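Please look over the two chains shown here before reading on.

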Amino acid sequence: MATLSADFELRLRSFDLRLALEVERTVALVGPSGAGKSSVLRVIAGLARPEAGRVALDDEVWLDVGDSVFRTPDERRVGLVFQEYALFPHMSVRANVAYGGKERVDELLERFRISHLADARPPELSGGERQRVALARALARNPGVLLLDEPLSALDTHTKHGVRLELQELLQAFDLPTLVVTHDYEDAVALADTVGVIVHGALRQLGTPGELVSQPNDPFVASFTGANLLRGHALGVDNGLTKVRLENGEVVYSIDPGEGEVGVVVYPWDVSVGRIHADDSAMNLVRGEIASVVHIGNRVRVRIGPLTAEVTEASSARLELERGGSAIASFKATGTRLVPLSGAGVPTGSAAAGADLLAQPAPLEPEPAARARRR
Amino acid sequence: MGVRRGLLAVLVVAASTVALAFLVLPMAAIFLRVPPGDLLHELTNPVVKDALVVSLKTTAIAQVLILLFGTPLAYLLASRRFRGRSVLVTIVELPLVLPPAVAGLGLLAAFGRVGLLGSTLDTFGISLPFTQTAVTLAVAFVASPLYIRQAIAAFEAVDPDLVAASRTLGAGPVRTFFRVNLPLARGGLAAGEALAFARGLGEFGATIMFAGSFQGVTQTLPLAIYEQFAIDFDSALAMGALLVVVSAALLLSIKLLLSWQPSRQTSSSAYAPST
């Protein structure tokens, strides 16, 4: 597969955006709004002109400020899906898709299940439908790289889960270097195998979701990338709670509904750590060996089996938590969210969905999976 | 409280009635005093016929010029941010506040025989004042700001993401303009054009200064009405009625024509990329 490399400096209103990134599979940039995420996409697409730097897809140079190379957006093979989708309101769905390229229109309408909407106008479509049209249109141009700007933020929470699942499957099928920007860490982990945290125009950390949760570079990454994502299988409803069997065999409960393959989302600060089994049936319990202990300021991130917990420095010392020891992590069913995971197409044990990485102890995380490297 | 509110309602209704009556009364008066037969009879009057032809011809040419030259300027001012842009916008709007007589003087000072460009035009054997071209220029001068102003607003209202989307989908700037900017600004452009047209058809002051009032050459309908007014009030009134009817009909058709949207296309060829 092709590799997109971008290394540039762009002056924004209140700060400079500096970024060096290589995208081979799917990379998600996550950060608070105003961090400069969308500007990264604009630079790659040719909609913004950086002060310095280089953007290239393999040996096809799109931008090289030093060499005075600047290709306009129409001369770059990019498929950019805008945050609000930017569908042409005065054209039918078919005309929107055909705008990018005529050859594959019918095939794309079919593939994105929008054939029945071919004659409809964008304002008549639902959020999920608009996104499918925007994706189909971007792909109609046969892009060499796919850029998605906050692909899920224009959707209401109700449709979001379904669309995210759909998008996961599509991204895996596209086989294109893909860069997603989002402010939602859960979305980033669900869509990409490598996640970069960007704050104030700077890339703070780039790694697999597992690395970000268990070994955050700094407190911001720690607080922002919080969530554990454990892979499991929903077994049904028990006492009004959804029962999920994790891959390591443990059973946990969540107040969220779910079925089939699900991701169990728990924030490290919602996980308590103990040495002995406190008999509390309201708690989800995960026993395991302590895989890593990382100090961030006055807090400590402890990796217990598949789970990362965040405890205070004091309680870490009191519990004498250290690598190789054993501990019990506990968390409430109310603090446990469920997200759907695509069952088919996600190879277990690989980096594809990100979730799998979290379900394994940190030392076993396959290092080559970090395909997007920091330069 | 109730009394006050009632009083306020009465005042609002009263003020609205006065305003409406004031606007309707003069037009109603014209048509009440002119029987439809007289209106049609005016069309056989050679003075009226000539004036109508001059009016229609000069206004039509002026509108084409305004659209051809004004649209690119409006697009440029709407889509580019550069130093001195607001000064340029003010210059474009200036003819709006200029008294028509001053506009006429200005045109004479620029294109007149002793004007700024007079000698230059002279060497090419061109003399503008008191010709039909002068009427067209006068109309274009006073009417174009109305169109350009509206067109700038219409182009600015087009979502920049749509323009950016077009570019990332492989369309160059020209194709993007004709497929995205222009169709989406269409409604605003039509409204501006209708305004400019109405202003142009009623043009009087700048025309009489710069082009004079010669029957069959530069005498437009408003000029003919003014001349007739000195001779025969009823006849002038009938011509006025004719002008109102013609303006209303043309205004309506321009609005319909420019805001007309192509019916839903189902064939892909209609939107086929030009490349």
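**From one residue to the whole**

A:Leu147 touches A:Leu41, A:Ile44, A:Ala45, A:Val78, A:Gly79, A:Leu80, A:Val81 and A:Leu179, leaving aside residues up to four places away in sequence, where a contact requires that the C-beta atoms of two residues, placed from the backbone, lie within 7 Å. This is a predicted model, in which local features need pLDDT of at least 70 and side-chain atom pairs count only at pLDDT 80 or more, while totals for chains, interfaces and linings use all residues. Residues are numbered from 1 along each chain as its sequence is written, and chains are lettered from A and ligands numbered from 1 in the order in which they are written.

A:Leu147 is also, together with A:Ile44 and A:Ala136, one of the residues that touch the most other members of the largest nonpolar core, which has 107 residues. Such a core is a set of buried Ala, Val, Leu, Ile, Met, Phe, Trp, Tyr and Cys residues joined through C-beta atoms within 7 Å; a residue is buried if 20 or more other C-beta atoms lie within 10 Å of its own, exposed if 12 or fewer, and partly exposed in between, with C-beta atoms placed from the backbone. Helix α4 of chain A, residues 127-140, gives the most to this core, with seven residues; helices (H or I, at least four residues) and strands (E, at least two) are DSSP runs, numbered from the N terminus. Because domain 1 (4-224) and domain 2 (228-369) of chain A both give residues to the core, it lies between them, the domain bounds being taken from an automatic or database domain assignment. A second, separate core has 53 residues, among them B:Val48, B:Leu128, B:Val139 and B:Ala196.

Strand β12(A), residues 228-238, runs antiparallel to β15(A), residues 260-266, and is joined to it by seven bridges, with two strands counted as paired if DSSP finds at least two bridges between them. Within this pairing, A:Gly232 has A:Val262 as its bridge partner in β15(A). Strand β12(A) is also antiparallel to β13(A), residues 241-246, through six bridges, and here A:His233 is partnered by A:Arg245. Two residues lie between the strands in the hairpin of β12(A) and β13(A), where A:Asn239 takes a positive phi near 60°.

Elsewhere in chain A, five strands form an open antiparallel sheet in the order β16-β20-β17-β18-β19. Its edge strands, β16 (272-274) and β19 (307-312) of chain A, each pair on one side only. From one strand to the next the twist averages 45°, the axes being lines fitted to C-alpha atoms, for helices over the stretch in contact, with angles that run from 0 to 180 degrees between N-to-C directions. Seven bridges connect β17(A), residues 283-296, with β20(A), residues 326-332, in the antiparallel sense, and A:Gly288 finds its bridge partner in A:Ala327. Strand β18(A), residues 299-304, contains A:Arg299, which is partly exposed because 17 other C-beta atoms lie within 10 Å. A:Arg299 touches A:Glu310, A:Thr312 and A:Glu313, not counting residues up to four places away in sequence.

Where the chains meet, 24 residues of chain A are in contact with 20 residues of chain B. On the side of chain A that touches chain B, β7 (78-81) and α2 (93-100) of chain A each supply at least two residues, and α2(A) gives the most, with five. The residues of this side divide into 13 nonpolar, four polar and seven charged, where Ala, Val, Leu, Ile, Met, Phe, Trp, Tyr, Cys and Pro count as nonpolar, Asp, Glu, Lys and Arg as charged, and the others, Gly among them, as polar.

Taken whole, chain A has 10 helices and 21 strands, and 49% of its 375 residues count as buried. Chain B has 12 helices and zero strands, with buried residues making up 34% of its 275 residues. The C-alpha trace of chain B spans about 75 × 65 × 40 Å along its principal axes. Within helix α7 of chain B, residues 132-156, B:Ala153 is partly exposed, with 16 other C-beta atoms within 10 Å.
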